[in-house]
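Have a look at the sequence and the fold, then read on.

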Amino acid sequence: MSAADDGADRSLGQLVATATAEMSALVHDEIALAKAELREDAKRAGIGGAAFIVAGVLALFALPVLSFAAAYGIHNLGLGLAWSFLIVGGAFLVIAALLILIAMAKIKKISKPEKSIASAKETAAVLQKARPHPRASEADHPVLESVTRSSV
């Protein structure tokens with residue numbers, strides 16, 4: 001565009017179409033930014049959730065083992081087969097505790113989409129400052145006073 005063609009020769013329809021296209025592009029760009037930020041947080045949430053599930057399954061597996069170990073331990077009251085069950089059950093609980101710590105660390109890293117929020121606030125601030133062009137009253141335009149309106 002040249003300096004002389006800065007919108008003075010464009011019709012109202014063209015200006016509205018351009019403004020609509022630019023607003024549509026802005027909205028699409030903001031949505032794409034939000035998707036990119038949320039994709040990383042969804043990945044972290046998935047890893048954290050999977051770690052919680054695995055920890056729960058391991059803890060569930062540990063319950064019957066620890067139950068058998070306690071039963072054998074009470075029965076024998078000596079170092080025998082029961083101690084092996086107790087060691088295996090304890091190992092499952094240690095692994096489950098480690099996975100819970102890993103899951104909590106991943107979940108704590110999830111943050112809100114800061115860039116999208118800031119961009120949306122900037123857009124809202126710009127749009128709040130935009131005011132429609134004030135219409136002149138009929139008294140300000142002598143030509144408008146002489147025009148008669150049809151009743152049709």
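D41 and R44 are three residues apart in helix α1, so they are separated by about one helical turn. Their side chains meet in a salt bridge, at 3.4 Å from N to O. The rule here asks for a side-chain nitrogen of Lys or Arg within 4 Å of a carboxyl oxygen of Asp or Glu, and by this rule the count comes to one salt bridge.

Before going further, a word on what you're looking at. This is a predicted model, in which local features need pLDDT of at least 70, side-chain atom pairs count only at pLDDT 80 or more, and totals for chains, interfaces and linings use all residues. Residues are numbered from 1 along each chain as its sequence is written, and side-chain values use heavy atoms, with hydrogens and water left out.

Back to the pair: is D41 buried or exposed? D41 counts as buried because its relative accessibility is 9%, where buried means under 20% relative accessible area, exposed means over 50%, and partly exposed is what lies in between (1.4 Å probe, protein chains only). R44, with a relative accessible area of 25%, is partly exposed. D41 also touches K109, I110 and S111, not counting residues up to four places away in sequence; contact here means heavy atoms within 4.5 Å.

## The overall layout

The protein has four helices and zero strands, so from the N terminus on the elements simply run α-α-α-α. Helices are DSSP runs of H or I with at least four residues, strands are E runs of at least two, and both are numbered from the N terminus. Helix α1 covers residues 12-76, helix α2 covers residues 81-108, and α3 spans 114-129.

Of the 152 residues, 12% count as buried. The protein exposes about 11,900 Å², and carbon and sulfur atoms supply 69% of that. Accessible areas come from the Shrake-Rupley method with a 1.4 Å probe, and for residues only the protein chains shown count as cover. Take the contacts between residues at least 6 apart in sequence: 75% of them join residues at least 24 apart.

What does P113 touch, leaving aside its neighbours within four places in sequence? P113 is in contact with E37 and L38. P113 itself lies in the loop between α2 and α3, and it is buried, with a relative accessible area of 18%.

S116 sits in helix α3 and is buried too, at a relative accessible area of 9%. Setting aside neighbours within four places in sequence, S116 is in contact with E30, L33, A34 and E37. E37 therefore turns up in the contact lists of both P113 and S116. E114, also placed in helix α3, counts as partly exposed at 47% relative accessibility.

Over in helix α1, V57 is partly exposed, with a relative accessible area of 36%. Here are some C-alpha separations for these residues:

| Pair | Residues apart along the chain | C-alpha separation |
|---|---|---|
| P113 and E37 | 76 residues | 5.6 Å |
| V57 and A96 | 39 residues | 8.4 Å |
| E114 and A34 | 80 residues | 9.0 Å |

Which residues make the nonpolar surface patch of about 680 Å²? The patch is made by F52, V94, L98, I100, L101, M104, I107 and I110. Its largest share, six residues, comes from helix α2. F52 has its place in helix α1 and counts as partly exposed, at 39% relative accessibility.

The rule for a patch is this: its residues have over 30% relative accessible area and no salt bridge, with like charges joined within 9 Å and nonpolar side chains (Val, Leu, Ile, Met, Phe, Trp, Tyr) within 5 Å. One patch member, I110, is also among the residues that D41 touches.
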